[in-house]
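This report describes the strand pairing and helix packing of the structure shown below.

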Amino acid sequence: MQHLNYNHLYYFWMVKKKGSVAKAADALCLAPQTITGQIRALEERLNGSLFKRVGRSLESTELGEIVFRYADKMFSLSYEMIDLLSYQKDENILFEVGIADALSKALASRVLLTVIPSDGSMHLSCYESTHESLIARLREHKLDMILSDCAGVSLQYPEILSKKLGECGISFFAASKPSLDFPACLEQEKLLIPGKRTSLGQQLHRWFAEKNLNVSILGEFDDSAMMKAFGFFKRGIFVAPSIYRHDILSQGMVLVGETTDIKEEYHVMFAERMIQHPAVQRLLETDFNDLFDGVDPQVQDVEHRSLQHQ
């Protein structure tokens, strides 16, 4: 075969990745007609159709699937090369991190501060969204890494690697101590819990059933900050991973009870090509057990005083 026009191949790859000519055109800042013409030129070179129209959507043909598999390897490898070369430059290294919207900002900050050098040699850029949206951006090379409390979706993609940073149980908090002991008090007070779309929310509902607790739920929240805000305004008992209990107690809340029957897990996810990134390397080498298990004396004192008030 004679020389292949790799621009044509790149336009085809982008259309396949984006799902439509219009979306690829937006990403490439080109007119849709330009991309369509380039793909037709590629089809002439390959002597076959790469796409077929099904309703209003484009689907790749058998030839298109074969070409895409090779193109995906080629362009993914080229991105990896560019990333690797950029890490070796003297200028600031860009580190683009996606943070799941359900994740505590305090925890995310603590994890990132352990791997970001203090000499100013790295520029951190954080993007917050749902776990599913972050996975899509990671696969499109728009992120270097993801911090999340959910790793399930990433397991569908062999090119995405993950590391479990740690886990902890959950604690229940209120503005004042309930009159009944834990967990019976959960039937006495209104509850503020995470939504059912979250892993923690699903685990809580199963735990209530296992404990035969007839609870009254005032509200379910996808935003943990909103849930805590309702709790701070004395609207009910709210839950949070036990790793945050010290911060919550220091704000005047009381610890109602805690359990390790329910686990909140924390993961970091990254594309295989990102193993060479200095921040990712440091993260893989770091032991975060102290972050999830350690309690310093000042924090212990805060918790002790809170329990005394109960």
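Four bridges join strand β6 to strand β9 (residues 237-241), and the two run antiparallel. In that pairing, F173 stands opposite F238 in β9. The model is a predicted one, in which local features need pLDDT of at least 70 and side-chain atom pairs count only at pLDDT 80 or more, while totals for chains, interfaces and linings use all residues. Residues are numbered from 1 along each chain as its sequence is written, and side-chain values use heavy atoms, with hydrogens and water left out. Helices (H or I, at least four residues) and strands (E, at least two) are DSSP runs numbered from the N terminus; two strands pair if DSSP finds at least two bridges between them.

Strand β6 also pairs with β10, in the antiparallel sense and over 13 bridges; A174 stands opposite V254 in β10. Of the 15 residues of β6, 11 are buried, so the strand is largely enclosed by the rest of the structure. Buried means under 20% relative accessible area, exposed over 50%, and partly exposed in between (1.4 Å probe, protein chains only).

| Strands | Sense | Bridges |
|---|---|---|
| β6 and β10 | antiparallel | 13 bridges |
| β6 and β9 | antiparallel | four bridges |
| β7 and β9 | parallel | two bridges |

In the pairing of β7 (residues 190-194) with β9, L191 stands opposite I237. The eight strands form an open sheet in the order β4-β3-β5-β10-β6-β9-β7-β8, with mixed pairing. β4 and β8 (216-221) stand at the edges with a single partner strand each, so one side of each lacks a neighbour in the sheet. From one strand to the next, the twist averages 25°; axes are lines fitted to C-alpha atoms, for helices over the stretch in contact, and angles run from 0 to 180 degrees between N-to-C directions.

Helix α6 lies across β3, β4, β5, β6 and β10, running at about 135° to β4. The buried residues of α6 (residues 131-139) are H131, L134, I135 and L138. Seen down the axis of α6, these residues fall within an arc of 100°, so they line one face of the helix; the arc is that of the directions from the helix axis to the C-beta atoms. H141 follows α6 and has a positive phi, near 65°.

Elsewhere, V21, A24, A25 and L28 in α2 meet P32, I35 and T36 in α3, where contact means heavy atoms within 4.5 Å. The axes of α2 (residues 21-28) and α3 (residues 32-46) come within 9 Å and cross at roughly 110°.
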